[in-house]
Amino acid sequence: MLCYTTSSTSTSASSSSSAATTPTASHLDIALQEDVLLYMLSMLSLTEIQRMRLVSKSMCILVNTKIVWLNCLSRLNVPLPVRSSRDQLAELSQPALERLAARAVRLDTNWRSDQPRPTSSHTIPLDSIVTQMAMCQGTLFTAHKDGSLRCWRDVDSTLSTRESSLRREDPRRFVTITPSSRILSFTHLKVCADPSRRAFVLAYIGDGLDRRTHCGVFSIPVDVSRHTDPDSAACSAPMPRSLGHFDESKGVVAIGVSPKSVVVAGSGGAISIIDIESGEKYSAHVQVTPSHLCQGSESVKILRLHVISEDAFLVLTSQAAMIYAIPSHQNPHAGTPVFVHTIPQTTSAWIQPSSPTCPDAMVTLLTTNSQILQFNVVKHREATVWSVLAQSEPGSAPEPTPFPYPVDRLSLTEMQLGTKRSVWVHWERGVDGWPLRILGGNARIIESSLNGQDSLRPAQPSIEFRELTAPDMLNGESKLSELVEMCTRSVSMPKICFDEGMGRLVMAGLASPSLVLCDFA
């Protein structure tokens, strides 16, 4: 006797058998250990991680955990806003971590494009022209023509009625810092962070009403710049306090500041080192024209100085880099430099301070023949070692990066550099129209390591320059420099600050009392 099976019965049996042997997405989630899934997610991009939410409910729950986004941020290897530094990421919520990762990817994509454009921009009216600017950990500090200093606590909110209609500044956006002496013109402004006191140290140099040059130092609590409610800030936040006031000689060309000392350099090579805590003042002298360093008949001048540690500061001249010991009560004499390194004839320089992600200070030089050189200051085995990062092999000559525009005696170039992103302002004086160009530089993170022979094996830097544009700001696409020319004159460089982690560019000029803010994230 034959037995037949209908097709529907066969199909049903086959289907039930398949369902029994084929695991669903939920079965996969259960079968795999959580650490395996976390490892898989750590290999995905930001967009891919976000799409994994659609796989299953359990996968969505896993994606919404903090550890996934902490791993994502650590793998991005891009600068982050200082207020969300890697040491503070664990304190943020999961949505905040995801927004931070999305912003970092968006900024990196925009900055690496052929034409980086600000995603948003706005202008804040002021009552007094900005003469100097500085930025530290995302907080903006400005010096004004009326003799006041300002710490900005809010530059992101929309314009108030007073600002939009009357074109007058809103004092709720900033905290005013008043120097002890009446300042007619600020010539230098420097700021650094003091983590031990959760404060900023702000130092200024200015010409006073009494025809003397004054140097002042203020301690500004971090909480002052982070209160969004001005009324609560006025009631509870500690206010800035003066750490000292010192008279300086004429002709100050560079200034450096640290939580413990201020270093001031004069045009003739005289250097004053001021101990902030004790108020004691020490003197040193930089030999700006040593015979063994002079190259040709070019004059030598001090370009920059920077306090690289608690006991040393770096002086960059147009022909040499020198490191001096900071005097103290036990050793009051600075004496001769502890380190000297000859550099090519340089017209402009920038010192990028050390940070948790880059423990060594980085120096960028723009030579008179339009070449860019980068160096690192490494302190190793109790001795300061100057190491060249722009080289292909250890011990070889540095390989410069060409600058796209000619550098001559009349041109001026200012830099705002980070570990990966930079802004370069080049002004060709003496040329028809006196063109002003604002360039965005993009470079890989420069890494180096010491081997057994105490020599360096650095990565080869690669800087690509693109002129920054500003779409829909002047009736269509235009160069960012055209926007700057609206708030500056052809007699002075515009003041520019750049925060690479936030992707924010702040500009001010000498013709219009206003701040222009452009965000690239």
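This is a predicted model: local features need pLDDT of at least 70, side-chain atom pairs count only at pLDDT 80 or more; totals for chains, interfaces and linings use all residues.
Residues are numbered from 1 along each chain as its sequence is written, and side-chain values use heavy atoms, without hydrogens or water. Local features need pLDDT of at least 70, side-chain atom pairs count only at pLDDT 80 or more, and totals for chains, interfaces and linings use all residues.

Let's start with helix 7, residues 94-111. Helices (H or I, at least four residues) and strands (E, at least two) are DSSP runs, numbered from the N terminus. Helix 7 has 18 residues and spans 26 Å from first to last C-alpha, close to the 26 Å expected (1.5 Å times one less than the number of residues). Its buried residues include Leu97, Leu100, Ala104 and Trp111; buried means under 20% relative accessible area, exposed over 50%, and partly exposed in between (1.4 Å probe, protein chains only).

Next, the surface. Met40, in helix 3 (residues 34-41), is partly exposed at a relative accessible area of 40%. Together with Val36, Tyr39 and Met43, Met40 forms a nonpolar patch on the surface.

Finally, here are the strand pairs (at least two DSSP bridges between two strands).

| Antiparallel pair | Bridges | Residues between strands | Turn glycine, positive phi |
|---|---|---|---|
| Strand 11 (261-266) and strand 12 (270-275) | 5 bridges | 3 residues | Gly269, about 105° |

Conventions
Patches are made of residues with over 30% relative accessible area and no salt bridge: like charges are joined within 9 Å, nonpolar side chains (Val, Leu, Ile, Met, Phe, Trp, Tyr) within 5 Å. Accessible areas come from the Shrake-Rupley method with a 1.4 Å probe; for residues, only the protein chains shown count as cover. A salt bridge is a side-chain nitrogen of Lys or Arg within 4 Å of a carboxyl oxygen of Asp or Glu.
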